[in-house]
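Q: I'm new to this one. Can you walk me through it?
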Amino acid sequence: MTAAASASSTHKLASTKEERKLRKPLIERKRRERINNCLDQLKETVVGAFHLDSKLEKADILEMTVKHLQNIQSSKMMADSKVGLEAQQRYSTGYIQCMHEVHNLLLTCEWMDKTLGARLLNHLLKSLPSYLDILTLLFD
């Protein structure tokens with residue numbers, strides 16, 4: 001490498017560093033503007049939803065938003081568990097009704113071996129799914 005090429009390379013690096021130093025405050029200012037705009041939007045939402053005084057600090061806005069989202073999440077989990085329990089009960093009821101139908105069919109089938117029918121019903125009874133098995137079937 002020649003001395004001129006080396007000097008040119010060093011000059012380019014220096015100008016790139018200077019350029020970064022000049023751009024950094026602008027980038028940081030834009031980042032802070034974005035944060036403040038989002039906080040202002042949250043503030044409007046929180047003030048409107050909770051009918052509060054509009055004089056809220058940023059930390060208050062964030063804390064209220066976090067608490068509200070946690071409340072939404074916990075109420076959703078409670079609703080999901082209720083739906084899951086109802087689904088489990090419906091599934092179990094349907095399964096037992098099917099077992100009853102199989103039992104009635106076995107009673108009318110004269111050609112069916114009674115021990116084989118008893119084994120089939122016993123297997124169906126043992127295979128009655130648990131609550132977790134049903135939730136897996138329903139939500140997967």
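Q: Which side chain does Arg31 meet in a salt bridge?
A: Glu28, with N to O at 2.6 Å. A salt bridge here is a side-chain nitrogen of Lys or Arg within 4 Å of a carboxyl oxygen of Asp or Glu. This is a predicted model: local features need pLDDT of at least 70, side-chain atom pairs count only at pLDDT 80 or more, and totals for chains, interfaces and linings use all residues. Residues are numbered from 1 along each chain as its sequence is written, and side-chain values use heavy atoms, without hydrogens and water.

Q: Why would such side chains pair?
A: Opposite charges can pair when the charged atoms come close.

Q: Where do Arg31 and Glu28 lie?
A: Both are in helix 1, residues 3–50. They sit three residues apart, about one turn of the helix. Helices are DSSP runs (H or I, at least four residues) and strands are too (E, at least two), numbered from the N terminus.

Q: What else does Glu28 bridge to?
A: Arg32, with the closest N and O atoms 3.7 Å apart.

Q: How many salt bridges are in the whole structure?
A: Two.
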